[in-house]
Amino acid sequence: MKPRLLRQDATSFALMKGTVLDESPFPPVPDRPDLYDWLYRDTDKDIDMYRRLTAGHECILECAVGTGRLAIPLAQQGIEVHGIDNSAAMLNEFKAKLEGFPPELARRIHLEQADMRQFDLGRQYSFVFIPFGSFVYLLTLADQKACLTALRHHLAPGGTMVIDIPTWAEARDERWLDNDSRVMKVQQSIDADSGTTTEMWSTFRFDATTQLMEQDRHFRIYDREGMLQSERVVVWRSRFFLPGEFYLQADACDLEITQVYGDFQFGPFRHDSEVAVMVMRAS
Ligand SMILES: C[S@@+](CC[C@H](N)C(=O)[O-])C[C@H]1O[C@@H](n2cnc3c(N)ncnc32)[C@H](O)[C@@H]1O
């Protein structure tokens, strides 16, 4: 009997070829920068590490720069920061934020809408990086490879490239890989001024054939009387992989991993590390 081409097979095949099928009715996370900024409003655990890694560099390139959570504090230490991101919404939010800072800081930040899988800024940098796990936004092996090749192209001779990738402790804790259909409450906060409460609830899906994880993030915002003001959903899609996949990809792109840290304090990479901070140079 002729095997039927299941939808699953079609998806896997498309992903192997580097095409991603987009079926979600919800906007992806970067199209809602206000919700992104709410979720990561207190996240600063990696800032000191990147301050120390970039110290002494005059001009650096941050890929997937987002709304400037990291780029702004780095530029505040006097460095010129070039940032690319493929989301116009995230970059617009970043530019709007810069209006609240002194003009000399804004002059040190250069933003461009570009895809980290394929871009050419026509120059090289002594420090190039993808922080905050954003490499997981690359959903296929082909995308990962294209990105590493593009970044290497922008790396000056003797320069340093850093990419931090998650070790997915969070995925284990929140059962992202279990395909448990229950909705989980992930975050809640009350705004002291307005009295509004914002909550995030999530559902998780994982496809082991493609290594793709999808999270629908349901946001609910209530006024101080507990009346629901608005409800919004965004989809967060990422590729689940372990460091071994990254080692192979770096090697295939002529990048030598010179150091791997297991936290943002330059601690060793161990089985229970929260992150793998890959420090590389061109081989
Ligand atoms: C988790 S945010 C990180 C933002 C910022 N680096 C930070 O540390 O807060 C991920 C960012 O990656 C961007 N992104 C995803 N895929 C991309 C791609 N192919 N090229 C460029 N940027 C991309 C998204 O638009 C989003 O702004």
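Two strands count as paired if DSSP finds at least two bridges between them. Strand β5 (residues 155-166) and strand β11 (residues 275-282) are joined by six bridges and run antiparallel. The model that contains them is predicted. Its protein chain has nine helices and eleven strands. The radius of gyration is 20 Å, close to the 19 Å that the globule rule gives for 283 residues, so the chain is as compact as a globular protein of that length.

**Overall dimensions**

- The C-alpha trace of the protein chain spans about 65 × 50 × 35 Å along its principal axes.
- Of the 283 residues in the protein chain, 30% count as buried.
- Taking contacts between residues at least 6 apart in sequence, 63% join residues at least 24 apart.

**The seven-stranded sheet**

- An open sheet is formed by seven strands, in the order β3-β2-β1-β4-β5-β11-β10, and its pairing is mixed.
- Its edge strands, each of which pairs on one side only, are β3 (109-113) and β10 (255-261).
- On average, neighbouring strands of this sheet are turned by 20° against each other, with direction ignored.
- Helix α5 (residues 88-98) packs on the sheet and touches β2 (80-85) and β3. The direction of α5 makes about 160° with that of β3.

**Helix α7**

- The 13 residues of α7 should span 18 Å at 1.5 Å a residue, and the end C-alpha atoms of the helix are 18 Å apart, which agrees.
- The buried residues in α7 are Asp143, Gln144, Cys147, Leu148, Ala150, Leu151 and Arg152.
- An α-helix has 3.6 residues a turn, so residues three or four places apart point the same way.
- The cover over the buried residues of α7 includes helix α9 (243-252) as well as strands β1, β4, β5, β10 and β11.

**The nonpolar core**

- In soluble globular proteins, nonpolar side chains tend to be buried together.
- The largest nonpolar core in this model has 47 residues.
- The residues with the most contacts inside that core are Ala71, Val128, Leu151, Met161, Ile163 and Met278.
- Not counting residues up to four places away in sequence, Met161 touches Val128, Phe129, Leu151, Leu155, Leu255, Met280 and Arg281.

- Strand β8 (residues 212-222) runs antiparallel to strand β9 (residues 228-239), and eleven bridges join them.
- Glu214 has Arg237 in β9 as its bridge partner.
- Five residues lie between the two strands of this hairpin, where Gly226 takes a positive phi near 85°.

**Arg175**

- Arg175 sits in the loop between α8 (169-173) and β6 (184-190).
- Leaving aside neighbours within four places in sequence, Arg175 is in contact with Asp180 and Phe204.
- Arg175 and Ala250 are 75 residues apart along the chain, and their C-alpha atoms are separated by 29 Å.

Key
Residues are numbered from 1 along each chain as its sequence is written. This is a predicted model: local features need pLDDT of at least 70, side-chain atom pairs count only at pLDDT 80 or more; totals for chains, interfaces and linings use all residues. A nonpolar core is a set of buried Ala, Val, Leu, Ile, Met, Phe, Trp, Tyr and Cys residues joined through C-beta atoms within 7 Å. A residue is buried if 20 or more other C-beta atoms lie within 10 Å of its own, exposed if 12 or fewer, and partly exposed in between; C-beta atoms are placed from the backbone. Two residues are in contact if their C-beta atoms, placed from the backbone, lie within 7 Å. Helices (H or I, at least four residues) and strands (E, at least two) are DSSP runs, numbered from the N terminus. Axes are lines fitted to C-alpha atoms, for helices over the stretch in contact, and angles run from 0 to 180 degrees between N-to-C directions. The radius of gyration is taken over C-alpha atoms; the globule rule is 2.2 Å times the number of residues to the power 0.38. The expected span of a helix is 1.5 Å times one less than its number of residues.
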